[in-house]
Amino acid sequence: MRAVQVQEYGGPEVLRTVEAEVPEPGPGQVSVDVAYTGVNFADLKARGEGYRVPSLPFVPGLEVSGRVRALGEGVSDVEVGQEVAALTAGGAYADVVVTDATTVFPLPSGVDLRTAATLPTVLPTAYALVHAVGRLQPGETVLVQGAAGGIGTVVGQLAKAAGASGVFGVVSGAAKAKYALDHGYDDVFVVPSTTDSVQFVDEVRAATGGRGVDLALDPVGGETFRASLASLAVFGRLVSFGNASSAEPWRVGQPELYPTGLSVSGFSILTLAQTAPGALRALTEKAFAAVAEGVVSLPVTAEFPLEEASEAHRLMGGRTSTGKLLLRVA
């Protein structure tokens with residue numbers, strides 16, 4: 001079978017298509033004939049700096065859609081040939097991938113394989129940020145970093161559906177701002193560089209009459225994390241769900257939280273899959289239902305053949321992409 005492999009860390013050019021053996025599922029696992037693979041920023045961090053990579057060489061990729069190829073011992077929730085979406089620990093840039101059965105999800109009625117590839121990481125993450133972790137209430141306001149990306153696109157729609165009175169986004173360019181405004185955002189602030197992150201604090205305060213937002217969602221870390229914290233209203237909540245800046249891990253304590261009763265929490269869907277798969281399954285079912293019911297949609301804005309994975313990485317790494325990027329495998 002074909003697989004896109006990384007043998008050394010570096011730029012998009014280190015992604016190379018190779019011939020590999022077809023993996024077989026072990027106990028509690030499922031193998032999937034891949035139709036489409038989602039491209040995520042975590043893939044770029046894995047390729048460039050070894051994020052969540054156990055050893056070299058490795059095959060990146062965290063989510064797929066396709067058909068069940070084979071079942072490992074003890075698996076009975078899905079059938080061979082069934083169309084599914086799956087979250088993986090890696091290896092999804094390939095014709096066949098193996099993953100734990102607990103992270104394989106039958107497709108909701110009316111959802112095709114192309115759409116399904118956009119779901120496994122983005123939809124549950126966005127749903128958790130708005131509901132399970134962020135606990136957004138009707139009438140509250142929310143600030144979202146990376147508003148034009150996959151997660152940002154879904155969060156904007158979910159927040160509106162949840163009754164948010166103001167949904168504000170931060171993006172790196174004017175084209176991204178226009179895109180975000182079409183996907184649930186009331187106002188979008190353009191911040192070309194994370195070094196300018198303090199800029200949006202004043203804009204958020206102005207947009208909320210000096211009050212700040214009730215909920216801020218940050219996948220960037222570093223200075224952007226601190227600026228998001230400074231954008232909160234009294235009793236505001238900040239959820240960190242990534243560190244795209246590769247800055248030193250954030251630290252916040254009593255001096256920052258006590259004066260206005262702020263709280264900070266975190267979320268990682270990959271960690272949840274390892275530590276609480278039952279909670280992930282319940283979360284995913286709710287998130288997928290939001291798609292099946294038409295509450296949210298995630299546009300596929302670019303699609304590449306598997307052999308052109310490097311081009312997908314160049315596009316995403318150039319900070320000009322919006323929505324979801326896919327690799328077409330079969």
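## Leu327 and its surroundings

Leaving aside neighbours within four places in sequence, Leu327 is in contact (heavy atoms within 4.5 Å) with Ala35, Tyr36, Thr37, Val39, Tyr93, Phe304, Pro305, Leu306, Ala309 and Ala312. Leu327 lies in strand 15; helices (H or I, at least four residues) and strands (E, at least two) are DSSP runs, numbered from the N terminus. At 0% relative accessibility, Leu327 counts as buried, where buried means under 20% relative accessible area, exposed over 50% and partly exposed in between (1.4 Å probe, protein chains only).

A word on the model itself: it is predicted, local features need pLDDT of at least 70, side-chain atom pairs count only at pLDDT 80 or more, and totals for chains, interfaces and linings use all residues. Residues are numbered from 1 along each chain as its sequence is written, and side-chain values use heavy atoms, with hydrogens and water left out.

## The pockets

The largest pocket holds about 1300 Å³ of space. On a 1 Å grid over the protein atoms alone, a pocket is an open set of points where a 1.4 Å probe fits, with protein on both sides within 12 Å along at least five of seven lines, and lining residues have an atom within 4 Å of a point. Grid points are joined across faces, edges and corners, and the volume is the space filled by probe spheres set on the points. There are 48 lining residues, and Phe41, Ile151, Pro219, Phe241 and Ala244 lie nearest the centre. Helix 1 gives the largest share of this lining, four residues; other elements that supply at least two include helix 3 (122-132), helix 4 (150-161) and strand 15 (324-328). By class, the lining has 23 nonpolar, 20 polar and five charged residues (Ala, Val, Leu, Ile, Met, Phe, Trp, Tyr, Cys and Pro count as nonpolar, Asp, Glu, Lys and Arg as charged, and the others, Gly among them, as polar).

The second largest pocket has about 420 Å³ of space. Its lining is made of 27 residues, with Leu62, Thr88, Ala89, Gly90 and Leu270 nearest the centre. Helix 1, strand 6 (96-100) and helix 9 each give two or more residues to that lining. Sorted by class, 15 of its residues are nonpolar, nine polar and three charged.

Six strands form an open sheet in the order 10-9-8-11-12-13, with parallel pairing; two strands pair if DSSP finds at least two bridges between them. At the edges are strand 10 (187-190) and strand 13 (263-266), each pairing on one side only. From one strand to the next, the twist averages 20°, with axes fitted as lines to C-alpha atoms (for helices over the stretch in contact) and angles running from 0 to 180 degrees between N-to-C directions.

Strand 12 (residues 232-240) and strand 13 run parallel and are joined by four bridges. Here Leu238 stands opposite Val264 in strand 13. Helix 5 (residues 174-181) packs on the sheet, where it touches strand 9 and strand 10, and its direction makes about 165° with that of strand 10.

Helix 3 is largely enclosed by the rest of the structure, because nine of its eleven residues are buried. Among them are Val122, Leu123, Pro124 and Tyr127.

His183 sits in the loop between helix 5 and strand 10. With 14% relative accessibility, His183 counts as buried. Not counting residues up to four places away in sequence, His183 touches Thr153, Gly156, Gln157 and Pro299.

## Loops worth a look

Gly28 is in the loop between strand 2 (15-19) and strand 3 (29-39), and is partly exposed at 32% relative accessible area. Glu73 is 45 residues from Gly28 in sequence and 5.9 Å away in space, C-alpha to C-alpha.

The loop between helix 1 and strand 4 (63-71) contains Pro57, and the peptide bond from Leu56 to Pro57 is cis, with omega near -10°. Arg52 is in the loop between helix 1 and strand 4 too, with phi near 60°, a positive value in a residue other than glycine. Arg135, in the loop between helix 3 and strand 8 (141-145), has a positive phi of about 50° although it is not a glycine. Arg52 is partly exposed at 38% relative accessible area, while Arg135 is exposed at 53%.
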